[in-house]
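Visitor: I would like to learn how to read a few features in a model. Where do we begin?

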Amino acid sequence: MTEAEIKQALSFEDFKAEVLNDYKIAVLSRECSLLGRREVLTGKAKFGIFGDGKEVPQLAMAKAFKNGDFRSGYYRDQTFMMALGLLTPEQFFAGLYGDPSIENDPMSAGRQMGGHFATHSLDENGNWKNLTQQKNSSSDISPTAGQMPRLLGLAQASKVYRNVSVLKGFEKFSDGGNEVAWGTIGNASTSEGLFFETVNAAGVLQVPMVISVWDDDYGISVHARHQTTKENISEILKGFQRDENNNGYEIIKVKGWDYPELIAAYEKAGEIARTEHVPVLIHVYQLTQPQGHSTSGSHERYKDADRLSWESEYDCITQMRNWIVENNICTEEEVRQIDTDAKNTVRSSRKTAWEAYQNPIKHERDALISVLNSIAAKSDNKVFIDRYSNDLAVQKELLRKDLLVTARKVLRLIVNEPGKATLANWITKYTEEVQPKYSSHLYSQSEKNVFSVKEIAPEYGDTPQEADGRIIIRDNFDALFAKHPEALVFGEDCGNIGDVNQGLEGMQDKYGETRVCDAGIREATILGQGIGMAMRGLRPIAEIQYLDYLLYAIQIMSDDLATVHYRTMGRQKAPLIVRTRGHRLEGIWHSGSPMGMIINAVKGINVLVPRNMTKAAGFYNTLIQADEPALVIECLNGYRLKEKLPVNMGEFNTPLGVVETIKQGADITVVSYGSTLRLIEQAAKELLEVGIDVEIIDVQSLIPFDIKQDIVKSVAKTNRLLVIDEDVPGGASAFILQQVVDVQNAYKHLDSKPDTLTAKEHRPAYGTDGDYFSKPSAEDIYEKIYDIMHEAQPQKYPPLY
């Protein structure tokens, strides 16, 4: 053979090996889907959604995916993860079983159902790994299109790293902004507003983002004609196609079963996004879903015979197999051997994963049986205990729940016997050991958690100056941006005019449009920008103009931001700071007080309610040093109020979870936060005139709440408690009351009923009178406290009415 012929032969062998390896991964993934469904139907797993029918396009996407890139996808992408070497069949089944071991299920340690994929951005101590030296997947969530806002932020981070010169030292997060964010979504989920909002925002921002739409003509059982205008997402998005005069998207359409065309399409998309920072949409159509949407039903119920026949013929793996044989890459016999080997591998992997999941529980079961047998030997209820023990011993498929159910039922039998203490101790110890497997890492457990930042008081010098609150917040942001090059802020009106209350005045001129920038009216993707950038080592501050508008983004905050650290068992974080303003403005849409709704939806996010701008600035200073997400709600009517001007801007820290007693008193403890405190202080002065001495406590932080339990100490002194809040009845006031009375056990010290004073159930009416008749006024506060004291001392405080 000539040298040219030898090179050609070697080149073909390399090509053949790559193709056959791709085919092997596709078949391996398909077998996982098929066997995974059976595991659900036999009861070993609870529920399953699999990636069958999407295997070949995901192979093509994996080829274009490089170190440093990020994925923000959904629960069909198992083949992609396998192709990158980020998911083994054993890990696939561990996730399906809900194995709480992070080693066995590195995707979520059993906290999410199978099909939700993630890589580890953090080590076991919560420290950043070098993200440029690995392929990254942000942790998936189930809500359809919920991954899209985060995708925008992951892509924007590359633009920030490329364009902000002071970030050149952040090599573990970016290689000059050359990373692409790859998103995936089902065709039906493109009907969601979050998809369109993200598409529009990415087109405006021009970020390196590639969206793959897996189009199999259905959304669960509903056909595309009910989902998408013209039944074609790329057709209706043609207006986003860039041209020589306008920025926009590159839109690519490719058949989901055409292996070589898919590879070419993804290579092109990756190159455009990576080099030009242009978003790309790839519409992958003519895909199938061989097992239907999920294990909860069969697709034969809603697909007719013609569709089912077409799906059988145009299944992407079938078409790839035909292409391999027709092009003489290998023989049918070789292909069949790959199929057989894949089946055997998956069966073996399932067995290994099941044993790895069950063996620790079996050891725990054996330990419990030993305890039960020891107790039974000396118990009058031996026959019943033996029955429980024997049932547990022969149970083949074990849950930790089964162990505790058995132990707790036996405990009831021996409540008056000597063995009670032994079993009670076992139950307590076992629960303490097991509970963290399912509950840890809702908040940071690293050395950079919010409690690690030491309190530093504001300093004022010998002759303190006074300034508008907006000046304090502005000058503090100036100090933060100078000190932390990774910090940036964005939102409606943040850039050019320096926010609607001038808290960012002059910051864009000083730090540039990339670090201090305006955003469109699109709250959900403003949040998403922040989440994605925070996951890539930046410290974004996402501004939502008013607290009421946060409701546009509450789903993203609740389902994504609040859970990311928890759902990855501490292996990913997004320390985003969300800035907004609220409290005591006038009218339904700017009243700024839906606090109960927020705090009960965002557990996992710190919620801070500073009463003035100095406290708010101190919170920002604390948060920028910590590694947790937070919502800071500034007082809307505080920007023009005078405060003493600190001289140590950017240095003083307001601690989280610490209340402040702003007035000492002896008769009643009044607890509140934010702008309402000013009305309470006014009422307290007037109450002193009739001999009622009010102690006023500012909670400052709703999450975390009063970690030193100072409120109960106050109640122990005054023996009375009133919580005042401008939220609706049963809102934040109910949360505060539960914390003080239930958690802190303040009921032990009360001589009067603990009470609340809140706004009316409706949103506030417009205008000054609307505020007065909708929310607690100084007169309402005065009379409420007076009535409480009247009940205690009716002779001294006769009724007002």
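Guide: With the largest pocket, which has a volume of about 440 Å³. This is a predicted model: local features need pLDDT of at least 70, side-chain atom pairs count only at pLDDT 80 or more, and totals for chains, interfaces and linings use all residues. Residues are numbered from 1 along each chain as its sequence is written, and side-chain values use heavy atoms, without hydrogens and water.

Visitor: How is a pocket found, and which residues lie nearest the centre of this one?

Guide: Rolling a probe the size of a water molecule over the atoms shows where empty space is left. On a 1 Å grid over the protein atoms alone, a pocket is an open set of points where a 1.4 Å probe fits, with protein on both sides within 12 Å along at least five of seven lines; lining residues have an atom within 4 Å of a point. The volume is the space filled by probe spheres set on the points, which are joined across faces, edges and corners. Here 24 residues line the largest pocket, and Lys44, Lys46, Tyr97, Tyr357 and Leu399 lie nearest its centre. Helix α11 gives the largest share of the lining, 4 residues.

Visitor: Which residues of helix α23 are buried?

Guide: Buried means under 20% relative accessible area (1.4 Å probe, protein chains only). Helices are DSSP runs of H or I, at least four residues, numbered from the N terminus. In α23 (residues 710-718), the buried ones are Ile711, Val712, Ser714, Val715 and Thr718. They lie on the same side of α23 because they cover an arc of only 155° around the axis, taken from the directions from the helix axis to the C-beta atoms. Just after α23, Asn719 takes a positive phi of about 65°.

Technical notes. Buried means under 20% relative accessible area, exposed over 50%, partly exposed in between (1.4 Å probe, protein chains only). Helices (H or I, at least four residues) and strands (E, at least two) are DSSP runs, numbered from the N terminus.
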